[in-house]
Amino acid sequence: MPKMKTRRSAAKRFKVTGSGEFKRNKSHKRHILEKKSPARKRNLRKAALVSKSDHERVTKMLPYA
């Protein structure tokens with residue numbers, strides 16, 4: 001059986017943690033930042049985990065993760 005291909009777009013967006021969960025960056029931090037509060041922008045810097053409902057979809061996109 002041939003090797004499965006990884007979705008490169010997903011490989012650039014998600015990293016696997018030690019416990020097998022996926023780390024992701026938060027959205028809304030690219031532009032229109034003047035109206036957002038400093039606390040909100042600071043919280044957008046932190047990484048988040050992919051929700052349980054999306055976990056299976058990300059796993060299919062990253063077969064070797």
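**Close-up views of a predicted model**

**View 1. A patch of positive charge on the surface is formed by R24, K26, K29, R42, R45 and K46.** In this predicted model, K26, one of the residues gathered in the patch, lies in the loop that runs between β2 (22-24) and α2 (38-45). The relative accessible area of K26 is 33%, so this residue is partly exposed.

**View 2. Three strands make up an open antiparallel sheet, in the order β1-β2-β3.** Because β1 (15-16) and β3 (48-49) stand at the edges and each has a single partner strand, one side of each is left without a neighbour in the sheet. The antiparallel pairing of β1 with β2 extends over two bridges, and K23 in β2 is the bridge partner of K15.

**View 3. A salt bridge joins D54 and R57, with the closest N and O atoms 3.1 Å apart.** Both residues, D54 and R57, belong to helix α3 (residues 52-61), where they are three residues apart, about one turn of the helix. With a relative accessible area of 29%, D54 is partly exposed, whereas R57, at 57%, is exposed.

**View 4. A salt bridge also links E56 with K60, the closest N and O atoms being 3.7 Å apart.** E56 and K60 are four residues apart in helix α3, and therefore about one helical turn separates them. Both E56 and K60 are exposed. With a side-chain nitrogen of Lys or Arg required to be within 4 Å of a carboxyl oxygen of Asp or Glu, the count of salt bridges comes to two.

Key. Residues are numbered from 1 along each chain as its sequence is written. This is a predicted model: local features need pLDDT of at least 70, side-chain atom pairs count only at pLDDT 80 or more; totals for chains, interfaces and linings use all residues. Side-chain values use heavy atoms; hydrogens and water are left out. Patches are made of residues with over 30% relative accessible area and no salt bridge: like charges are joined within 9 Å, nonpolar side chains (Val, Leu, Ile, Met, Phe, Trp, Tyr) within 5 Å. Accessible areas come from the Shrake-Rupley method with a 1.4 Å probe; for residues, only the protein chains shown count as cover. Lys and Arg count as positive and Asp and Glu as negative; His and the chain ends are not counted. The place of a charge is taken as NZ of Lys, CZ of Arg, CG of Asp or CD of Glu. Buried means under 20% relative accessible area, exposed over 50%, partly exposed in between (1.4 Å probe, protein chains only). Two strands pair if DSSP finds at least two bridges between them.
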